[in-house]
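Open the model in your viewer and keep the selection tool at hand. This tour goes stop by stop.

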Amino acid sequence: MFTKIFTTLATDFQQKFKQSLNAHCFLETATGENILVAKDGSLASVIKIDGIKKMVGPPELEKIVDSMGKHLGRHFKNQGHALQVWFARDPDLSEQLTADLCMPAKRAADRLSLDLDDVFEERRQHLSKFLKYEAMYFVVWTRWSVLTKRERSNAMKDLRPPQWIPSFADAQDPFRVSRALIERHRAFARSVVSDLKQENIRAHLMQNKPAIAAIRSSVYPEFSNSTWQPSLPGDPISVRQPEDHGEDASHFLWSRIEDQIFAKEAEIINPRMARIGGYYYSCLDMSVGPQHVEPFSKLLDRIIDLDEIPWRVSYLIEGGGLQYSGTKRFLTSLFQLTNKDNNLPIRTALEDLKDEELDGQTIGRLRISFSTWAPVGENAIRKVEERVSRLQQAVESWGQCLTTSLVGDPLEGVMSSALGLDVASTAPPGAAPLPDAMKMLPWDRDASPFEQGSVLFRTEDGRPWPFQPGSSKQSSYFDIIFAQPRRGKSVLLNTCSLSMILSSATMTTSGLAELPRISIVDIGVTSEGVISLIKGALPPHLKHQAVFHRLSNTPKYAINPFGTQLGMRKPLPLEKTFLSNFLTILCTDPNQKTAPAGVTGLLLNVIDVAYAQTSDKENSGVPKVYNFNPGAWPEIEDGIKRHNIAVQDAITPWWQLVDEFFKRGEIHLATMAQSFAVPVLDDLTKFLSDPTIVTTFGTAKTENGEPLIAACTRAISTAIREFPIFSRPTRFDLGDARIIAIDLDEVAPNGEEGPAVRQTSLMYMLARYVLGRDFFLTKHTTREFDPIYQPYHEERIRKLNETPKRLVYDEWHRVSKVPSANTQLLQDVREGAKKNVHIAVASQLISDFSNELVNLASGYWILGAATDTEADELAKKFGLSETGSWTLRNKLRGPGPKGAPFLMVLDMKEGKHEHLLYNTLGPAEMWAFSTTADDVAIRQKLYDKVGAREARRLLAKNFPEGSAKKAVEQLLHEASATSELAKGGILDQIAEQIIQNG
């Protein structure tokens, strides 16, 4: 009779009160920066978990479980503390998530007048198929039982409001806060955050307002992107209309938290389902724990395999697990008299737990609740039923546990898995060793150190991983890219270049948006894709700012490495070092690995003599003079006439013309005139016989006995004949281009030794000179300039220093064995770290990267290894974790339908990051970045005929895999054609067919 009355009363109570969501909120108010106060005075803080900084496999998980079990065990030996671990994934939010994450890059494109709307729309549609919304939080609770009886008695005095305070039944009660409990709770919360960070987990205590906003979003998924914030003590009070005119002062205070959180009401649909706002929910409680504990990754994999659904899980861990099991132990002993076989396992399990506790193991009280949902609409109830069935199937196969969806009140069951509302759950408690509970938690969620980024990578299981180049979260920007052929390196390099262009760093401190300075030294057409993409997206008057040049060894592309900054009669220190490295390569016997002893000292002295002898500022100088040659320099001749500059044929120094043009604001003409004023390579043969050089180096000889001066003279004379590209005054003019790629394929012969390596090295150095000579200037450099040039250079350098700069060397294995080329790279890397220059070096061989380079790198991007031996060497050289090493061997197999995998290791200010990521692009972007010769040819034909944007749309529609390679091969096979002429006709045919298909 008593049981029936109790049940009836309990049911009536639930039906009367529990359908109101307010009854499920235990929060009363907030205090301080990050402490929430419960209605009984208990305290809670929300910790946002971004994820872990390093890869987690079995070895790393075992360490985390052991360490966190010990850390948290200190707090859970007894009752008083509780921890809610909350995790959610929602594929239904993928499209909005992707759009939000792409928005910063789109805004940057709009600022730069780049028409890339089709690229961003494709990213939104394509990436949303692979990305999943994900969130994770810890909520740490401290309750009164953590205090001693005496402490509780004293603390209760804090909760008594002054007698003169009126009642406020419908407002937050600021007198629920105990100072004694606050200190215990603050220590607990900070300790948990500290413990998490020790395990490389990115975590931070949330401020109260965003914490409550996160709680609200857990109840209403439609508010996940809301900017809503609650009104809390300390905020301005919006006075409300009182409901009565008694002594209650609620309308003068802040609205109750539950009234602010719960914007929409709820109703019970059936015993297994409830509606909250615009969603139907169904819950699932773990009723019997797993027979064998499996990591969280196993559960997630099973849910993904079952066609992933929106779902969340809440783990509620409390201290003193065995203190709650006394009744069960008594009942087990009693029932053993009549049901020995069934109850013996229970009794044995409890005794085992007791033994573990006596051995120092912490036994916690664990409750686990799940939920899934679907938006209200046609067939929504059936959809939720199907989803909870799949969720139950996945959970019950997770270590062979048991679950139930019948929890009495379905609304209460659903709210058990909400974030931070209460320290309660409908799930039955189980006594679990803390390490077992730790093993079941989602420790392996990869964290990006960037909240947003201009490029969006992803993890293998769909977690977004934004990347922001140029972030202040890094101290330097030197990336090593290691890749075997056909592993996705070219597309990744183009992706990174585009991300630099679309970075938020494109906004200068003066508020202007300009393209960054990106310089790419390439062998082949890898970079042509991103150049074409940007050039096509720029408005007509800016298209010249993105250029791709294929160098040839002809006077048309002449680049004089002796050129100096405008107005400078001698090179800056870094420029002199570059010139020394360049000439050292040139004067090194192609069949020798190192330069002759003493050659660097000789060349440094000759450089000084060359500039002194051609300067008009030195007493001993004999500057080069202007010789009138009708038609030779029409722009200069026209400038002389327009500005009425007095010139004497064969007498007026070129330097005088430089100064005169500069004074008149003719920067381009001054630069042209200076190209004839500075030394050229041919001058060195004369200056090598200068008395000061002969006196110092006249007796020096090479290893084979040849005089050192004669050897250098011979090498330079040979180079003048062989390389017109760097033996004449500069003619190759990049204008004011900002995104530049230089293809060295025609001038850099393939070969691993001898003349081929030397020539390739010289061309790399020449490209580096023309592309990056301005990158390393700083405001301190202006001290070196003539006073009349200082204001010009100060303004130029100021703008340059505000501009992001990136220097890329592809195919570095072609020159890595040349000491002077490596010396130059090391200098650039060291200087770049101080001057905000991003440098990326890509190669196919691990031996191409010296230990010194590896130690300076801030990022390793690894796309695969050819052999296990190479994988071992890579793992050792780049300091990979045990799981990172396994990933290198087993996961990096090259591009596939879901993208190209790579292993990223970043050195951040907050510590090292290591992640397996995927570069997943849509078909239009794949077509834009393709480097396959046939694809490039087809793409260019369509660019020429219909424009870049329409061409990408047509290519993506007709070849959504991002390449026409298979179609070309098929048509060639059908035509039995092998000649290039036949292939050209087939490519034309494919291009025309694409246009016709529309």
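Start by selecting Lys489 and Asp810: their side chains meet in a salt bridge, 2.9 Å from N to O. The term covers a side-chain nitrogen of Lys or Arg within 4 Å of a carboxyl oxygen of Asp or Glu. The pair links distant parts of the chain, 321 residues apart. Lys489 is in helix α15 (residues 489-501), while Asp810 is in the loop between β20 (805-809) and α27 (819-835). Across the whole structure, a search finds 67 salt bridges.

Some ground rules before moving on. This is a predicted model, where local features need pLDDT of at least 70, side-chain atom pairs count only at pLDDT 80 or more, and totals for chains, interfaces and linings use all residues. Residues are numbered from 1 along each chain as its sequence is written, and side-chain values use heavy atoms, with hydrogens and water left out. Helices (H or I, at least four residues) and strands (E, at least two) are DSSP runs, numbered from the N terminus.

Next, select α4 (residues 117-127) and α33 (residues 948-958). These helices pack at about 30°, with axes 10 Å apart. Axes are lines fitted to C-alpha atoms, for helices over the stretch in contact, and angles run from 0 to 180 degrees between N-to-C directions. α4 and α33 are therefore roughly parallel to each other. Angles under 35 degrees count as roughly parallel, over 145 as roughly antiparallel, 65 to 115 as roughly perpendicular and the rest as oblique. Show side chains: Asp117, Asp118, Val119 and Glu122 of α4 meet Arg949, Arg952 and Ala956 of α33. Contact means heavy atoms within 4.5 Å. By class, the residues here are two nonpolar, no polar and five charged. Ala, Val, Leu, Ile, Met, Phe, Trp, Tyr, Cys and Pro count as nonpolar, Asp, Glu, Lys and Arg as charged, and the others, Gly among them, as polar.

Now go to α17 (residues 573-586) and α18 (residues 599-613), which pack at about 125° with axes 9 Å apart. That makes α17 oblique to α18. In α17, Lys576, Leu579, Ser580, Leu583 and Thr584 take part, and their partners in α18 include Leu603, Ile607 and Tyr611. The contact of α17 with α18 divides into seven nonpolar, three polar and two charged residues.

Then select α19 (residues 634-642) with α20 (residues 654-663): the angle is about 60° and the axes are 12 Å apart. That makes α19 oblique to α20. Ile636, Gly639 and Ile640 of α19 meet Trp654, Leu657 and Phe661 of α20. The classes are five nonpolar, one polar and no charged.

Finally, colour by pLDDT, the predictor's confidence in each residue, from 0 to 100. The chain averages 89, and 91% of the residues score at least 70. Residues 1-18 stay under 50. Over residues 325-340 the pLDDT is also below 50. Where pLDDT is low, the predicted coordinates should not be read in detail.
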